[in-house]
Each structure stands twice: as structure tokens, then as C-alpha cells.
Amino acid sequence: MSSTTKDAAILFEGVGKSFPKGDGTRVTALSGIDLAVPQGSITGIIGRSGAGKSTLLRMVNGLERPTEGRVTVAGRDVGTARGSALRHIRRDVGMIFQHFNLLASRTVRDNVALPLEVAGTPRAKIRPRVDELIEQVGLQALADRYPAELSGGQKQRVGIARALATDPKVLLSDEATSALDPETTQTVLELLARINRDLGLTILLITHEMAVLRDIASHMAVIEGGSIVEAGETHKVFTRPAHATTRSFLSGVTGATLPAFIADRLLSERPDGPSEAVIRVTFAGDHATDPMLSLLATELGISANILAGAIEEVGTHPFGNLLISLEAARADEARAYLERHGLLTEVLGHVR
Amino acid sequence: MSANLIPILWDATLQTLYMVALSAILGTIGGLPLGVYLATSQRGELLSSPWVNWALGLVVNATRSVPFIILVVAIIPFTRMMVGTSIGTDAAIVPLTIAAIPFIARLVENAIREVDAGLIEAARAMGATPFQIIRKVLIPEALPAITLGLTLAVVSLIGYSAMVGAVGGQGLGDLGIRYGYQRFMPEVMLAVVVILIVLVQLVQSLGERVAARVDRRAARNRGH
């Protein structure tokens, strides 16, 4: 990551994890993970199921232990902490879950109180703190209800209030919105962003949805086959994805996917005879609004067909993605022109 | 049925209730912690110690394999050591309790194992000790299932208590054998069976009501 490791809230250094298998060999879940989660950031780790993101997240509060390397939270080594030292670290690290993991036998209020009871907070101090937390997530009206009476979004709010109870420095989110509908996902993400802003809490989240990163993550990392293949500030990764896995995640979220009738005809090599090159143009920041395609036509006399495109925001950065086709013979010339004007181009293939 | 049989039936009912209640309480005192430990000492669980778990499981299975009537007779020396006599209602409570403990332990173990592993993970993430997890998460969350398990155990104990006539334990079963069968008084047998049916029915309904009251997993259980 671009930030220095000095101001990292969570630091992974050469972290690996392998499990013994029945036949004496070991399965490697994670290897060579170096990642610094900057203080006060919302850092998202994206990966497919089985990529190891869940194991990585669970190392931060010691639910999993690394078999190699070191994981530190606020300077404290989690991997080697045992017993009460580990429990103290855990009280500084809140966690929310995909399936909420609320106690069915306790009301909203008592669920939120649980971490405080566990930490040995005096009863007289628990009540006002719980009320404050419930207000923070906007559930005052439901404080005496049981989880079975709440919607998914409300349950996750209880989960968030519970995770914040002991005033943690770090919040871990394990696919916290994956079980929610898109609308509820937005409200939960907004709540997380607000908590990050208001409390200065560092949030480390894992997800398989690029949209979650686009909406709230300031930093991101892509994990594939137990290794981090790409990491950095979200808007930079979005504009200059270096790894194929990142690109495939991005194609799902940027709206710029090839229409099927083009995708079916796409050739990886330029065929003989006249053909068109299919190019992805990515533009970020100030260039996003420049009328580059009309300049291309007027200055070079190259006309481009727009196949698909979308403009959206990554954090506060405008970000656009355009798929165009133009005469293959002049593709290099056009790309050089666009690159010179600060756009990123990538040839996806050719069509006859 | 002659009027002088009523007090005999009443006494026998009280004896049965006494034996069942006391052995259920003692059985729970022994069986609940044992069941919790059986569930949590499995490999990879909170108090993981597979060998102890295996050994305890063996003892529990062995006790449960012995037919109750044989258990009653086999442990007479132990019973005499515990209550000073091997005959009577108090003596009957010893084998009843010994049968109840492993039975209740298995029921509690199953109830605890049904608790969602995600809740244990959430509690661990909070920094809870294994004991806190047991007390604040596992037992409260398993309470509806534990309640139904205890109901089943009490119903079984009512059945077992009928066999303790073998050591002079008295109670309804003993009355049924001595009057209904040996003295050939079918009306006593019928009365005993009817009372047992009513008892079991009452225990079952009560258990289900308590279980429903402590079960917050569905919204319908909210009182208002």
C-alpha cells in the first residue's frame, strides 16, 4: 500500500497460513501477505469465495493464527497473544458478520450490552452506554425487541452497535452487507462511512462485491489464491487495474461490459483484411469531462463507435469507463493520442 | 373402587412425585454441567480435550446401556452407602438419579451443539472467556431445547420410578404391581395407569409452555 507502515492501524507482514491435511501434507490458505491498513481508512479486501479473505480478516482479532509472519493491531502482535492478552486486544477490535450473529435469547438492548458484560463493565455504566449506542444506529424504537422481530438491515445495525460497544479502534466487517438487499446495503454502508468519519474508526472489510469498495472504501486490496495481487487507493486501482482479477471484478461494477453481439465475435488477434479494434478507455479525475472522442475525430479524423460506457464516482473521484471500436489500422495512433491526454486505454480485441 | 383405596393412591402419587422431582433436580445438577462439558470438550470446541471427552462419553454410554431394573439392583451397595438404606423411597432416588444424569447430559449436549457456531465466534471476537461463552451464550441460546430435553427426562423418570418397587421404592408403579397384579384388583391398575397418563400429560404440557416462553427465535412468541 502507498501509506507508510508507521501509521498503519493494522499491519500484515509476510503473513501465511497453512492447515495440516489428513495425509500429512499442508494446504496453503494464505501466503506472503504484506498489507498496511492506514489509520482511519476504510480498507476493503475483495476476492472470490475461497480466496482466503475471510482467513485474513480473522487473523486481525486472533480467531485465526498465522503460521508465518506477523499481524499487528495498533502495534500489538495478535498472532502470539494468548489468554487475557488476546482478549484485551479483541476488545479493541469490533466485528460484524454476514449473518449478524445476534443472540436470539436477548433483546436488542441486551445484545448490545453483551460485550460490556464480557468486559466486566459495571452494570450502572452499561445502561447509558447501550442507550447511546442504540441511538447512534437509530434503533431507539426497537430497543426492547428480539432479533427475530427485526429486518436484516435492523439486525446489522444491532451488530454494528454491539461491535462499537467497547470503543474499539478497529472494526472488522465480514461480508456485512452480503445478506442484505441492495437498498438496505446502501443504508448500512452509509452508516459505516458515518462511523468511520465521526469516530475516526479504522474499518477493514471483506467483500466479493466491487460496488461496496466503490461506495465506501478509501483503500482496497484484491486477493486471489491466497495472495494479494493488487492493493492501493481505491480510485487508483479502479482507474489503473493492473491485474486480470481486478479487471474482472471491475467489469461487473463499472457498467462497461461489451454487448453480447460484440463479445461473441471478439477475436484476440487482429485478423487479415479490414477490421475494427475494440478498446476500453478509462478516464478519471479532470479528464472525465473532456470531450476526448470529438477531439479524436476533429484532430485525427478517426471516428469511434461507442459500444458501452458509464460514469460514476469512486469515493469523491469521478470515474468513467467507455468501450469503443475504431478502425484497427489506426488504433495505435488513436491510443497514443488518448494516452497523451491522460486517458488509459486497453485493447480488448478485434472484430471483423 | 372402595373408598379406602383413595388414600393409598394419593400416597403412591405423592411418593412418585417425590422420587421423580428429587431425582430430576439432582440429575439436572449433575447432567447439565456434564452435558455442557461433553459438548464443549469435543475436538476443536471451546474446551477442546478429545481424550477426556472420549472417556466421559464411554462412561455415559455404559451407564445408559444398563437396563434400569438391573441398575437398581446392581448399585444396592452404593445406595446403602449414600442414604444408609437400600430399601424405600429415598433409596430409590439413588438409581433414579444415576440413570438421569447421563440421560440429561446427552440431551443437554445435543441442545448445546445446536447453537449456531457464529454466535460462539461473535462472543470470542468480543474477548469472552470460554466460561463467559458457556454462561452468556450457549446455555441461554440452548434453553428452549434444554427445557424440552428436561421434559423428556422427567417423563422417562416417571416411567423408571414404576420399577423401583424392586427395592421397596413404593410409588404408583409399585402400587399397580402389588394391588393391581398380585392382588388381582384391576380397578387399582386402571387408576394407576390413568394417574400416570395424567402426570405425563401435565409434565409434557408444562415443559412445552416453558420452552415456548423462553424461545425468542420466532416473533410469534412475543407476549403482546
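# Briefing on a predicted two-chain model

Buried residues make up 42% of the 224 residues in chain B. The model is a predicted one, and chain B has a secondary structure of 9 helices and 0 strands. Chain A, by contrast in topic, is described below through its two domains, two of its open sheets, and the side that touches chain B.

**Chain B as a whole**

- Read from the N terminus, the elements of chain B follow the pattern α-α-α-α-α-α-α-α-α, and the C-alpha trace of the chain spans about 65 × 50 × 25 Å along its principal axes.

- H5(B) is mostly covered, since 22 of its 25 residues are buried.
- B:Pro7 is placed in helix H1 of chain B, which takes in residues 5-40.
- B:Pro7 counts as exposed because 9 other C-beta atoms lie within 10 Å, and a residue is exposed when that number is 12 or fewer.
- The C-alpha atom of B:Pro7 is separated by 37 Å from that of B:Ala105, and the two residues are 98 residues apart along the chain.

**The contact between chain A and chain B**

- In the contact, 21 residues come from chain A and 21 residues come from chain B.
- On the side of chain A that touches chain B, helix H2 (83-91), S6 and H3 of chain A each supply at least two residues.
- By class, the residues on this side of chain A are 11 nonpolar, 5 polar and 5 charged.

**The two domains of chain A**

- Chain A is divided into domain 1, which is made of 5-92 + 168-250, and domain 2, which is made of 255-351.
- The centres of domain 1 and domain 2 of chain A, taken over C-alpha atoms, are separated by 33 Å.
- The contact between these domains takes 7 residues from domain 1 of chain A and 7 residues from domain 2 of chain A.
- Helix H8 of chain A (residues 234-239) gives 4 residues, the largest share of the side of domain 1 that touches domain 2.
- That side of domain 1 has 1 nonpolar, 4 polar and 2 charged residues.

**The sheet of 6 strands in chain A**

- One open sheet of chain A has 6 strands in the order S6-S7-S8-S3-S9-S10, and its pairing is mixed.
- The edge strands of this sheet are S6 and strand S10 (227-233) of chain A, each of which pairs on one side only.
- On average, neighbouring strands of this sheet are turned by 15 degrees against each other, with direction ignored.
- Within the sheet, strand S7 (residues 170-174) and strand S8 (residues 202-207) of chain A run parallel and are joined by 5 bridges, and A:Leu172 stands opposite A:Leu204 in S8(A).

**The sheet of 4 strands in chain A**

- Another open sheet of chain A has 4 strands in the order S12-S13-S11-S14, with antiparallel pairing.
- Its edge strands are strand S12 (305-314) and strand S14 (344-351) of chain A, and each pairs on one side only.
- Neighbouring strands of this sheet are turned against each other by 15 degrees on average, direction ignored.
- Strand S11 (residues 276-284) and strand S13 (residues 317-327) of chain A run antiparallel and are joined by 9 bridges, while A:Phe283 stands opposite A:Gly320 in S13(A).

**Two residues with positive phi in chain A**

- A:Phe100 lies in the loop between strand S6 (93-97) and helix H3 (108-118) of chain A, and its phi is near 65 degrees, a positive value in a residue other than glycine.
- A:Phe100 counts as buried because it has 24 C-beta neighbours inside 10 Å, where 20 or more are needed.
- A:Asn101 is also found in the loop between S6 and H3 of chain A, and its phi is positive at about 55 degrees although A:Asn101 is not a glycine.
- With 24 other C-beta atoms within 10 Å, A:Asn101 is buried.

Terms used: Residues are numbered from 1 along each chain as its sequence is written. Chains are lettered from A and ligands numbered from 1 in the order in which they are written. This is a predicted model: local features need pLDDT of at least 70, side-chain atom pairs count only at pLDDT 80 or more; totals for chains, interfaces and linings use all residues. Two strands pair if DSSP finds at least two bridges between them. Axes are lines fitted to C-alpha atoms, for helices over the stretch in contact, and angles run from 0 to 180 degrees between N-to-C directions. Two residues are in contact if their C-beta atoms, placed from the backbone, lie within 7 Å. Ala, Val, Leu, Ile, Met, Phe, Trp, Tyr, Cys and Pro count as nonpolar, Asp, Glu, Lys and Arg as charged, and the others, Gly among them, as polar. Domain bounds come from an automatic or database domain assignment.
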